[in-house]
Amino acid sequence: MTELEPPVDHNDGPPAVSVCLEVLKKRSDFVAASKGRRHGTAGIHLQGRKRGEGDAIRVGFTCSKKVGNAVARNRAKRRLREVARAVLPTHGRPGWDYVLVGRAQATATLPLPQLEADLIRALAKVHA
């Protein structure tokens, strides 16, 4: 690299989860969201609850062993993260916690546009 070339930034892509989204990590947050509103679609089961504090959208991801082995669960969660990154900044509401639950065989195999449409439809039902 010569002095005339600008340094290469390898982090120029979008983050794994958008800047306005925080990731749920505590079990108590997942349990609280499970007691809130919920809606299931073909590819995703969505749980949501209005937190009422702060303006960040918080999201968590989970897949049970019904989805498959560890490889299948991780693949499903990667797809859920991608769908959340694309949809929640525009369709999610500030001050809400969302948990996206993967479905057996469906989450890992459905096309991403269909998963995005499922999440948008589920968000509309949860917010209604």
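Modeller: Strands E2 and E3 (residues 44-50) pair in the antiparallel sense over four bridges, where strands (E, at least two residues) and helices (H or I, at least four residues) are DSSP runs numbered from the N terminus, and two strands pair if DSSP finds at least two bridges between them. This is a predicted model, in which local features need pLDDT of at least 70 and side-chain atom pairs count only at pLDDT 80 or more, while totals for chains, interfaces and linings use all residues. Residues are numbered from 1 along each chain as its sequence is written, and side-chain values use heavy atoms, with hydrogens and water left out.

Within this pair of strands, His39 stands opposite Leu46 in E3, and Arg37 stands opposite Gly48 in E3; the link from E2 to E3 is a hairpin of three residues. Both strands belong to an open sheet of five strands with mixed pairing, in the order E1-E4-E5-E3-E2. Its edge strands are E1 (21-23) and E2 (37-40), each of which pairs on one side only, and the twist averages 25 degrees from one strand to the next, with angles running from 0 to 180 degrees between N-to-C directions and axes being lines fitted to C-alpha atoms, for helices over the stretch in contact.

Helix H2 packs on this sheet, touching E1, E3, E4 (57-62) and E5 (96-102), and its direction makes about 160 degrees with that of E4. Helix H4 (residues 112-127) lies across E2, E3 and E5, running at about 35 degrees to E3.

Arg79 is buried yet has no salt bridge, and the nearest side chain of opposite charge, Glu116, is 9.3 Å away. Here buried means under 20% relative accessible area, exposed over 50% and partly exposed in between, with a 1.4 Å probe and protein chains only; a salt bridge is a side-chain nitrogen of Lys or Arg within 4 Å of a carboxyl oxygen of Asp or Glu; and for charge, Lys and Arg count as positive and Asp and Glu as negative, while His and the chain ends are not counted. The side chain of Arg79 does reach the backbone oxygen of Thr107, at 2.8 Å. Leaving aside its neighbours within four places in sequence, Arg79 is in contact (heavy atoms within 4.5 Å) with Thr107, Ala108, Thr109, Leu110, Pro111, Leu112 and Leu115.

Technical notes
A polar contact is a pair of N or O atoms within 3.5 Å; within protein, one must be able to donate a hydrogen and the other to accept it, and residues adjacent in sequence count only if both atoms are side-chain atoms.
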